[in-house]
Amino acid sequence: MYRNVFGGAALGFALVGCGGADNADSAIEEVTVEQIEEPAAAVDAPEARATFINAQGTEIGTADLRQEGDELLITVDLAFLQAGLRGFHIHAVGSCEAPDFASAGDHFNPTNASHGAENPQGPHAGDLEDLEVETDDGTARGTRGTSLATLLPDQPNSILDADGSALIVHAAEDDYESQPG
């Protein structure tokens, strides 16, 4: 049984998912989620869910987030995407407004690090491993983890800060070193 503990913008917290582009000319497509849910019996291990919806309003998948110790795990199940590797990041603001989705802000980066796990001054707390979209059916499924971000409230690296956070699947893969455009 789940209960709504953060009501999206009503409390100033939002977690927004942004889906991948379905053509090579688009950077990303908009998806949103209206609530963050946490199991009533698991206050020590918060969980959240984001529903990915493309710019046309079609639901294209979900992301389930859970805190396990010091690690934030994000499990995605997406469909209707173009095949290939896609950059996947937590962005700093819980907003995704078409057409360019700049409203999601930069990557979540509370420590002011540089982008990329292969960058000596990186990574951002929002830098995640690429998602692979399967060629035959356009799906991306898998779990990505980070110990640099958390669902725990009132932490400096919490993605549930006052303006929320966004999950974005980019059209191109991430090189893990240079800031994507």
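**From surface to core**

Glu118, Glu173, Asp175 and Glu177 together make up a negative surface patch (patch residues have over 30% relative accessible area and no salt bridge, with like charges joined within 9 Å). Asp175 sits in the segment that follows β10 (165-169). Its relative accessibility is 41%, so Asp175 counts as partly exposed (buried is under 20%, exposed over 50%, and partly exposed in between, using a 1.4 Å probe and protein chains only).

A word on the source: this is a predicted model, where local features need pLDDT of at least 70 and side-chain atom pairs count only at pLDDT 80 or more, while totals for chains, interfaces and linings use all residues. Residues are numbered from 1 along each chain as its sequence is written, and side-chain values use heavy atoms, leaving out hydrogens and water.

Next come the salt bridges, three by count (a side-chain nitrogen of Lys or Arg within 4 Å of a carboxyl oxygen of Asp or Glu). Arg49 pairs with Asp64, with closest N and O atoms 2.5 Å apart; this pair links strand β4 to strand β5, 15 residues apart. Glu68 pairs with Arg66 at 2.7 Å. Arg141 meets Asp77 at 2.9 Å, joining strand β9 (residues 140-146) to strand β6 across 64 residues. Arg141 counts as exposed because its relative accessibility is 54%.

Finally, look inside: the largest nonpolar core has 25 residues, and Leu65, Ile74 and Leu78 are among those with the most contacts inside it (such a core joins buried Ala, Val, Leu, Ile, Met, Phe, Trp, Tyr and Cys residues through side-chain atoms within 4.5 Å). Strand β6 gives the most to this core, with four residues.

Definitions and conventions. Patches are made of residues with over 30% relative accessible area and no salt bridge: like charges are joined within 9 Å, nonpolar side chains (Val, Leu, Ile, Met, Phe, Trp, Tyr) within 5 Å. Accessible areas come from the Shrake-Rupley method with a 1.4 Å probe; for residues, only the protein chains shown count as cover. Lys and Arg count as positive and Asp and Glu as negative; His and the chain ends are not counted. The place of a charge is taken as NZ of Lys, CZ of Arg, CG of Asp or CD of Glu. Helices (H or I, at least four residues) and strands (E, at least two) are DSSP runs, numbered from the N terminus.
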